[in-house]
Amino acid sequence: MGMRYRRYLAGERIYGCSHCKTHLATIHAMRSRAFNGQHGRAYLFDIVVNIREGDPCDRAMTTGTHTVRDIYCVKCNTTLGWKYDKAYEPSQKYKEGKFILERNLLVDVQ
Ligand SMILES: [Zn+2]
């Protein structure tokens, strides 16, 4: 189940899981810092690695209904945020296929 091998990222700034420091994303893949997660501020990324995706579900947010999947660290199974599968509002379509990571659950690993 899940990924057996973890990927290691290279770059000037890498975000990792705050529990186990598994690499998750680079600053180059960050699209926005202006999001809110379940636990406060959150970041929007184009690409996140070393995660497991949960089942899709519809969630009502302040910006409308979205189909999202919770995402989990492959190593320690912490819930890190979610992935946008689908946005119903045309103005929110840019989020589709992108990932939210909760700032409080990230650490700088480099
Ligand atoms: Zn972890």
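Q: How do β1 and β10 pair, parallel or antiparallel?
A: Antiparallel, over three bridges. Strand β1 covers residues 14-17. Keep in mind that this is a predicted model.

Q: What stands opposite Gly16?
A: Val107, in β10.

Q: Which sheet are those two strands in, and what is its strand order?
A: An open sheet of three strands, in the order β2-β1-β10. The pairing is antiparallel.

Q: Which strands are at the edges?
A: β2 (23-26) and β10 (106-108). Each of them pairs on one side only.

Q: And how much are neighbours turned against each other?
A: By 35° on average, with direction ignored.

Q: What holds paired strands together in general?
A: Backbone hydrogen bonds, in either a parallel or an antiparallel arrangement.

Q: Switching to β3. What does it pair with?
A: Strand β4, residues 40-45. β3 itself spans residues 30-37. The two run antiparallel and are joined by five bridges.

Q: Which residue is the bridge partner of Met30?
A: Phe45, in β4. Phe45 also has a bridge partner in β9, namely Phe99.

Q: How many bridges join β4 to β9?
A: Four. That pair runs antiparallel, with β9 at residues 99-102.

Q: Which elements give two or more residues to its lining?
A: β3, β6 (57-61) and β8 (79-87). β3 gives the most, with four residues.

Q: Which residues line the largest pocket?
A: Ala34, Phe35, Asn36, Gly37 and Gln38 are among them. The lining also includes Arg59, Met61, Thr62 and Thr63. Trp82, Tyr84 and Lys95 belong to it too.

Q: What's the make-up of that lining by class?
A: Five nonpolar, five polar and two charged residues.

Q: Last topic: what does the UniProt record annotate, and where?
A: The entry, which is unreviewed, has "domain: Yippee" over residues 13-110.

Q: How far apart are the ends of residues 13-110, and how much of the span is helix or strand?
A: The end C-alpha atoms lie 6 Å apart. The span is 57% strand and 0% helix.

How values were computed
Residues are numbered from 1 along each chain as its sequence is written. This is a predicted model: local features need pLDDT of at least 70, side-chain atom pairs count only at pLDDT 80 or more; totals for chains, interfaces and linings use all residues. Side-chain values use heavy atoms; hydrogens and water are left out. Two strands pair if DSSP finds at least two bridges between them. Axes are lines fitted to C-alpha atoms, for helices over the stretch in contact, and angles run from 0 to 180 degrees between N-to-C directions. On a 1 Å grid over the protein atoms alone, a cavity is a set of points where a 1.4 Å probe fits but cannot get out, and a pocket is an open set with protein on both sides within 12 Å along at least five of seven lines; lining residues have an atom within 4 Å of a point. Ala, Val, Leu, Ile, Met, Phe, Trp, Tyr, Cys and Pro count as nonpolar, Asp, Glu, Lys and Arg as charged, and the others, Gly among them, as polar. UniProt positions are given in the numbering used here, feature names are shortened, and annotations may be inferred rather than shown by experiment.
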